Structures are given as structure tokens and as C-alpha cells.
Amino acid sequence: MLVIGIAGGSGSGKTTVVKALCRELGERVTVISQDSYYNDMSHCTEEERRVYNFDHPDSIDWDLLCSNLKSLKEGRAADQPVYSFITCARSATETVRLEPADVIIIEGILIFTCEKLRDQMDIKVFVDADDDDRLMRVMVRDIAERGKDIFWVIERYTRTVKPMYLKFIEPSKRYADLIIPQGGHNKIAIGMVCDTIERSLTR
């Protein structure tokens, strides 16, 4: 089994890279999304949810994420939470069943900031992209998929996304074994990652 971490700032193209790897690997891959492990905010007020810092490492339930990864590495299935960015809450009744596979991909902006999780990865990939490109992708995603308005997106980007990127995410790039510039549009780099995975699986 090979565990691959794919990190990078919000809107850097991580999802595009993950989808490309999944197309190449097919049924041999299971994907764990960091976004599913945000702390449940259902007990908080609307104002508390609005100002919550989703870009700080403390916003993630690392214990559960690491526990689920450990189960998969031991050949046991795990239940990934279902998290809503509209309500900022985990589903109380629904989970996603994760099955062991030849390749486990962990994807998320903060995954390299957790040493316990980082130590379980065999290959660490950082997806890099220009700030302007990332901001545009974040705007489209948050408005279209998360029900936010443009003023909320800009306020959040200024208040937490950019400062936390500079404080936590960009510095975590030093842990990467591979860096993919130009985000998910770099087909040559993505192809190199695929080749590296294939070689590692056949050893």
C-alpha cells in the first residue's frame, strides 16, 4: 500500500490533480478528503460560524483522520464523516465508507501541518499556483458550491485564507517530495507523479 499526500492552498488545483491520478489508477485508489474532517460547528451561532477560521490547523479533527488512515493501512474499512460547508456541521447519520486500496490519497490544504499524519505518508506532493489564480477559483467554488456571496468570499479571503496560507500552508511546502507548479494544469508534472506511483507499486 502506498499513501500519498496532496497539499496546496485553496484553489491551487489539488482536486484536479487527484482526479487525474484517480483516472490513471482506477479501482486501485481510495481518496481521503481533509475537508470531511472539519470540527463540527452545529452547536455554534450563525455569527460564530461566519467568523470561524477554516484555514487554521486547529479546525481539523486530526485524531479521527489519523485513526481512519491507520485502519485503512491495517486492511480495515473506515467511515469518513460527511461535512456541509453550508451548515458548518457534520451529518449525524451519514458517513462515506472508505475501503483499503493499493493507493491511499489524502488531499487537503493543511495535511502537511500535522506531523502524525505526515509521518504516515510515503509520497508528499504540493500543488502550487499563483495567488490570483487561487483567489478566482475560490470565488467560483464558494459561490457556486457553498452558497456564499462575493462579499463573504472576499472578506474571508482577506481575514483568514491569505494570512493562514502564508503562516501555515506555504511553509509546509518544505515537507513535499514533489512540487507541481501551475496547479492542476501541469499535465507533465501530473504524469511524472503517476509514473512515480506506478514504479513504487511494482517494487
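Let me begin with a term: a residue is called exposed when its relative accessible area is over 50%, and buried when that value is under 20%, with partly exposed covering what lies in between. Please keep in mind that what we have here is a predicted model.

With that cut-off in hand, consider Phe-151, which sits in helix 6 and, because its relative accessibility is 67%, counts as exposed. Phe-151 belongs to a nonpolar patch on the surface, together with Ile-143, Ile-150 and Ile-154, and these residues have about 390 Å² of accessible area together. Helix 6, which runs over residues 150-169, supplies the largest share of that patch, namely three residues.

Staying with helix 6, I would like to turn to its geometry. The helix has 20 residues, yet its end C-alpha atoms are only 24 Å apart, whereas a straight helix at 1.5 Å a residue would reach 28 Å. Where does helix 6 bend? The bend is at Tyr-157, and it amounts to about 50°. Tyr-157 is also one of the buried residues of this helix, a list that includes Trp-152, Val-153, Arg-156, Met-164 and Phe-168.

Now to the charged residues, beginning with a lysine. Leaving aside residues up to four places away in sequence, Lys-124 touches Gly-5, Phe-112, Arg-118, Tyr-175, Ala-176, Asp-177 and Leu-178.

As for salt bridges, the structure holds nine of them. In one, Arg-28 pairs with Glu-198, and the closest N and O atoms are 2.8 Å apart. Arg-28 lies in the loop between helix 1 and strand 2, while Glu-198 lies in helix 7, so this pair ties together parts that are 170 residues apart in sequence. Both partners are partly exposed, Arg-28 with a relative accessible area of 28% and Glu-198 at 30% relative accessibility.

Another salt bridge joins the side chains of Arg-76 and Glu-74, at 2.4 Å from N to O. Here Arg-76 is partly exposed, with a relative accessible area of 43%, and Glu-74 is partly exposed as well, with 44%.

Finally, the side chains of Glu-170 and Lys-173 meet in a salt bridge, with 3.5 Å from N to O, and Glu-170 is partly exposed, its relative accessible area being 31%.

Technical notes: Residues numbered from 1 in each chain as written. Predicted model: local features only at pLDDT ≥ 70, side-chain atom pairs only at ≥ 80, totals over all residues. Heavy atoms only, no water. Patch = residues over 30% accessible without salt bridge, like charges linked within 9 Å, V, L, I, M, F, W, Y side chains within 5 Å. Areas by Shrake-Rupley, 256 points an atom, 1.4 Å probe, with all protein chains shown as cover. Salt bridge = Lys/Arg side-chain N within 4 Å of Asp/Glu carboxyl O. Helix = DSSP H or I, 4+ residues; strand = E, 2+ residues; numbered from the N terminus. Buried < 20%, exposed > 50% of the residue type's maximum accessible area, 1.4 Å probe, protein only. Contact = heavy atoms within 4.5 Å. Expected span 1.5 Å × (residues − 1). Bend = angle between axes of the 7 residues up to and from the residue.
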